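Please view the sequence and the model together, and then follow the description below.

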Amino acid sequence: MRKNTALKILNPVLAILAVNQIVTVLFREKLSHESFEFFHQGGGMIFLGLVILHFVFNFNWVTANYFRKS
Ligand code: HEM
């Protein structure tokens, strides 16, 4: 799969997982401890993994914009 195609899938998934982290914390009182662990903690692990993948896929952009010779 091309990097650009992967990012087109990865980015919306990241957005959904970011919203999941916030919503599960806001409604943590309404969730059972198990549900909170599954959605916030479990979702959080996947979120962090995909954030790293997002960084790796965009590494050319990072080097071009932050480490470019002036
Ligand atoms: C926008 C991102 C996030 C926000 C706003 C957020 C917010 C919070 C808050 C406010 C709590 C305390 C809940 C409580 O004590 O009732 C919490 C707990 C926790 N968060 Fe997050 N969090 C985020 C991302 C993450 C990520 C990426 C992980 C990675 C795994 C994570 C893992 C956890 C864990 C393990 C706990 C403790 C749960 C427990 O006490 O059983 N969170 N989070």
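Two residues are in contact when heavy atoms of theirs lie within 4.5 Å of each other. With neighbours within four places in sequence left aside, Leu 14 is in contact with Phe 47, Leu 50, Val 51 and His 54. The model described here is a predicted one.

**The nonpolar core**

Leu 14 also belongs to the largest nonpolar core, which has 5 residues in all: Leu 7, Leu 10, Leu 14, Leu 17 and Leu 50. Helix H1 gives the largest share of this core, namely 4 residues. In soluble globular proteins, nonpolar side chains tend to be buried together.

**The ligand and its iron atom**

Which residue is the only protein donor of the iron atom of the ligand? The donor is His 40, through its atom NE2, at 2.0 Å. His 40 is part of helix H2, which covers residues 33-57.

The shell around the ligand consists of Gln 21, Ile 22, Val 25, Arg 28, His 33, Phe 36, His 40, Gln 41, Gly 44, Met 45, Phe 47 and Leu 48. Sorted by class, this shell holds 6 nonpolar, 5 polar and 1 charged residues. Helix H1, spanning 3-26, and helix H2 each contribute at least two residues to the shell. The largest share, 8 residues, is supplied by H2.

| Residue | Ligand atom | Distance |
|---|---|---|
| Gln 21 | nitrogen | 3.5 Å |
| Arg 28 | oxygen | 2.6 Å |
| His 40 | nitrogen | 2.9 Å |

Gln 21, one of the residues around the ligand, is located in helix H1. Is Gln 21 buried or exposed? Its relative accessibility is 14%, and buried means under 20%, so Gln 21 counts as buried. Beyond residues up to four places away in sequence, Gln 21 touches Phe 39, His 40, Gly 43, Gly 44 and Phe 47.

Because its relative accessibility is 19%, Asn 20 counts as buried. When residues up to four places away in sequence are not counted, Asn 20 touches Phe 39 and Gly 43.

**Partly exposed positions and separations**

Ile 9 is another residue of helix H1. With a relative accessible area of 47%, Ile 9 is partly exposed. How far apart are the C-alpha atoms of Ile 9 and Phe 36? They are separated by 26 Å, and the two residues are 27 residues apart along the chain. Phe 36 is one of the residues around the ligand.

Ala 64 sits in helix H3, which comprises residues 59-66. Ala 64 has a relative accessibility of 36% and therefore counts as partly exposed. From C-alpha to C-alpha, Ala 64 and Glu 34 are 44 Å apart in space, while in sequence they are 30 residues apart.

Note on methods: Residues are numbered from 1 along each chain as its sequence is written. This is a predicted model: local features need pLDDT of at least 70, side-chain atom pairs count only at pLDDT 80 or more; totals for chains, interfaces and linings use all residues. Side-chain values use heavy atoms; hydrogens and water are left out. Donors are N, O and S atoms within 2.8 Å of the metal (3.2 Å for Na, K and Ca); water is not among the atoms, so sites may look incomplete. A residue is near a molecule or strand if one of its heavy atoms lies within 4 Å of it. A polar contact is a pair of N or O atoms within 3.5 Å; within protein, one must be able to donate a hydrogen and the other to accept it, and residues adjacent in sequence count only if both atoms are side-chain atoms. Ala, Val, Leu, Ile, Met, Phe, Trp, Tyr, Cys and Pro count as nonpolar, Asp, Glu, Lys and Arg as charged, and the others, Gly among them, as polar. A nonpolar core is a set of buried Ala, Val, Leu, Ile, Met, Phe, Trp, Tyr and Cys residues joined through side-chain atoms within 4.5 Å. Buried means under 20% relative accessible area, exposed over 50%, partly exposed in between (1.4 Å probe, protein chains only).
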